[in-house]
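Please work through the following exercises with the sequence and the structure at hand.

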Amino acid sequence: MRETLTTALDLMFGHEGGYVNNPKDPGGATKYGITHRTLAAHRGVASVTPAQVKALSKEEATEIYRRSYWVQSGGDLLPVGIDFMAFDYGVNSGPAQAVKSLQRVVGVTADGIVGGQTVAAVKAFKGDLIAAYAAERLRFMRTLKTWPVFGRGWQKRVESVEAQAHQVIRGVVVNTDAALAPAKANPKDQSITETLKKPEAWASIGGLLSGLGGMASGTGPMQWALAIIMVGAFAIGAYFLIKRMQDQAA
């Protein structure tokens, strides 16, 4: 497998999630970006069930992308970086549309087929082709009727692909797992639950309760009123105590 295809697949899988079946998405049941129609065509059957889509392996998805998207998007012919952009665009909107958009940017006939003329125009392009291609992809996507529903996510994806293409050209190893990992929690944002796990928190609260209990000894009306006041005071005191411990831990 061509090295750039391996890189492109790693990056693309970082953008395509697992199984989804959004009723607002005309693609229907999808996994790794592979729709049920694409999976059925690859397997040579009339249709597949949502359960079969859900069971799709990453290995089979990789083979589908290699056979039905990478070559058709010009992956073996286009320069590094642009090949990944065309491939990711093709996965999202179809290889023919991805190539047509690229051809419009470089100023050749938009027939959806990558040939010698297209490759020559790409190599001769003056300026930032990556940025221009990303802008054209967004322009096309804004014309789709589903843009109001999915537009925000699509825009983030295109922006990410643009940045990653620049990194690929510079030879930077892009760690998609790190990009998808949740950010580390700020120590100052630790939850009250975590704070209450500390023995010193309960020791402090216990001391506070003991002092309040002594003040509320007795059974008369005044003692009951005092007990109610102390409950409120305890809640406020406990809040500020935990808050102080959080700040000290930070």
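The exercises below concern a predicted model and treat salt bridges, the nonpolar core and helix packing.

**Exercise 1. Salt bridges within a helix**

Task: Determine how Glu-63 and Arg-66 are paired, and state where the two residues lie.

Solution: 
- Step 1. Side chains of opposite charge can pair when their charged atoms come close.
- Step 2. The side chains of Glu-63 and Arg-66 form a salt bridge, with an N to O distance of 2.6 Å. The cut-off for such a pair is 4 Å.
- Step 3. Both residues belong to helix H4 (residues 58–70), where they are three residues apart, or about one helical turn.
- Step 4. An α-helix has 3.6 residues a turn, so residues three or four places apart point the same way.
- Step 5. Glu-63 is partly exposed, at 27% relative accessible area, and Arg-66 is partly exposed at 34%.

Solution: 
- Step 1. A salt bridge joins the side chains of Glu-136 and Arg-139 at 2.9 Å, N to O.
- Step 2. Glu-136 and Arg-139 are three residues apart in helix H8, about one turn of the helix.
- Step 3. Buried means under 20% relative accessible area.

**Exercise 2. A salt bridge between helices**

Task: Identify which helices hold Asp-88 and Arg-137, and describe the surroundings of the pair.

Solution: 
- Step 1. The side chains of Asp-88 and Arg-137 meet in a salt bridge of 3.0 Å, N to O.
- Step 2. Asp-88 is in helix H5 (residues 82–93) and Arg-137 is in helix H8 (residues 129–141), so the pair ties together parts that are 49 residues apart in sequence.
- Step 3. Asp-88 and Arg-137 are both buried.
- Step 4. Arg-157 joins Asp-88 and Arg-137 in a network of salt bridges.
- Step 5. The salt bridges in the model number five.

**Exercise 3. The nonpolar core**

Task: Name the residues of the largest nonpolar core that touch the most other members, and list the contacts of Phe-87.

Solution: 
- Step 1. In soluble globular proteins, nonpolar side chains tend to be buried together.
- Step 2. The largest nonpolar core has 51 residues, of which Tyr-65, Met-85, Phe-87 and Leu-102 touch the most other members.
- Step 3. Several helices each supply at least two residues of this core, among them helix H1 (3–15), helix H7 (116–124) and helix H9 (147–169).
- Step 4. Beyond its neighbours within four places in sequence, Phe-87 contacts Ala-8, Leu-9, Met-12, Tyr-65, Tyr-69, Trp-70 and Ser-73.

**Exercise 4. Helix H2**

Task: State which residues of H2 are buried and what they pack against.

Solution: 
- Step 1. Thr-38, Leu-39 and Ala-40 are the buried residues of H2.
- Step 2. These residues pack against strand S2 (34–35), helix H3 (50–54) and H4.

Methods:
Residues are numbered from 1 along each chain as its sequence is written. This is a predicted model: local features need pLDDT of at least 70, side-chain atom pairs count only at pLDDT 80 or more; totals for chains, interfaces and linings use all residues. Side-chain values use heavy atoms; hydrogens and water are left out. Helices (H or I, at least four residues) and strands (E, at least two) are DSSP runs, numbered from the N terminus. Buried means under 20% relative accessible area, exposed over 50%, partly exposed in between (1.4 Å probe, protein chains only). A nonpolar core is a set of buried Ala, Val, Leu, Ile, Met, Phe, Trp, Tyr and Cys residues joined through side-chain atoms within 4.5 Å. Contact means heavy atoms within 4.5 Å.
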